[in-house]
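Please walk through this structure with me, one part at a time. Keep the sequence and the model side by side.

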Amino acid sequence: MSDFSHVSVLLDETVENLAIKPDGIYADGTAGGGGHSFEIGRRLSKNGTLICTDRDSEAVEACTKRLGTLECKKDIIHSEFRALPEILKNRGIKLDGLLLDLGVSSHQLDTPDRGFSYLICG
Ligand SMILES: C[S@@+](CC[C@H](N)C(=O)[O-])C[C@H]1O[C@@H](n2cnc3c(N)ncnc32)[C@H](O)[C@@H]1O
């Protein structure tokens, strides 16, 4: 995998608006390399939980590395975010906050052999 570099957009504003409770349960549905996730996870105690999903296996690998030092409980899953309701139901948990960063990932644009496309629906 090439270097995973991405500047997280509105990082401070996003984290501030999530009003994170240290023992809360949060999900980042489009975790990418874990920029936002790291800042969320950093504010959680060892009783807090962070669930990350991303459809890109390289992002999941980078995110897993990035979040490695956090003390909170974390689950980093290679999955589309539409699976989150099922994931939460299976664990019997409810979220205190959810982040979906629907922008493009610099890593996917910067890596020539990745390619990129839009699918217009409707
Ligand atoms: C802008 S990046 C996220 C960057 C991340 N917030 C950060 O700060 O590092 C968007 C991510 O959404 C992922 N993605 C796109 N569609 C998705 C889907 N349906 N389910 C899960 N992840 C998706 C992409 O693979 C990409 O990694």
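Leaving aside its neighbours within four places in sequence, which residues is S79 in contact with? They are T53 and R55. Contact here means that two C-beta atoms, placed from the backbone, lie within 7 Å.

A word on the source. This is a predicted model, in which local features need pLDDT of at least 70, side-chain atom pairs count only at pLDDT 80 or more, and totals for chains, interfaces and linings use all residues. Residues are numbered from 1 along each chain as its sequence is written.

Stay with S79 for a moment. It sits in the loop between strand 3 (73-78) and helix 4 (84-91). Helices (H or I, at least four residues) and strands (E, at least two) are DSSP runs, numbered from the N terminus. S79 counts as partly exposed because it has 16 C-beta neighbours inside 10 Å. The scale is this: 20 or more other C-beta atoms within 10 Å make a residue buried, 12 or fewer make it exposed, and partly exposed lies in between, with C-beta atoms placed from the backbone. T49 is 30 residues from S79 in sequence and 18 Å away in space, C-alpha to C-alpha.

Strands pair if DSSP finds at least two bridges between them. Strand 2 and strand 3 pair in the parallel sense over six bridges. T53 has I77 of strand 3 as its bridge partner.

Next comes helix 2. Six of its eight residues are buried, so the helix is mostly covered. The buried ones are G35, H36, S37, F38, I40 and G41. Their cover includes helix 1 (11-18), strand 1 (25-28) and helix 3.

Last, the ligand. Of the 20 residues around it, S8, T30, G32, G35 and D56 come nearest. Helix 2 (35-42) and strand 2 (49-54) each give two or more residues to this shell.

Key
Near = placed C-beta within 6 Å.
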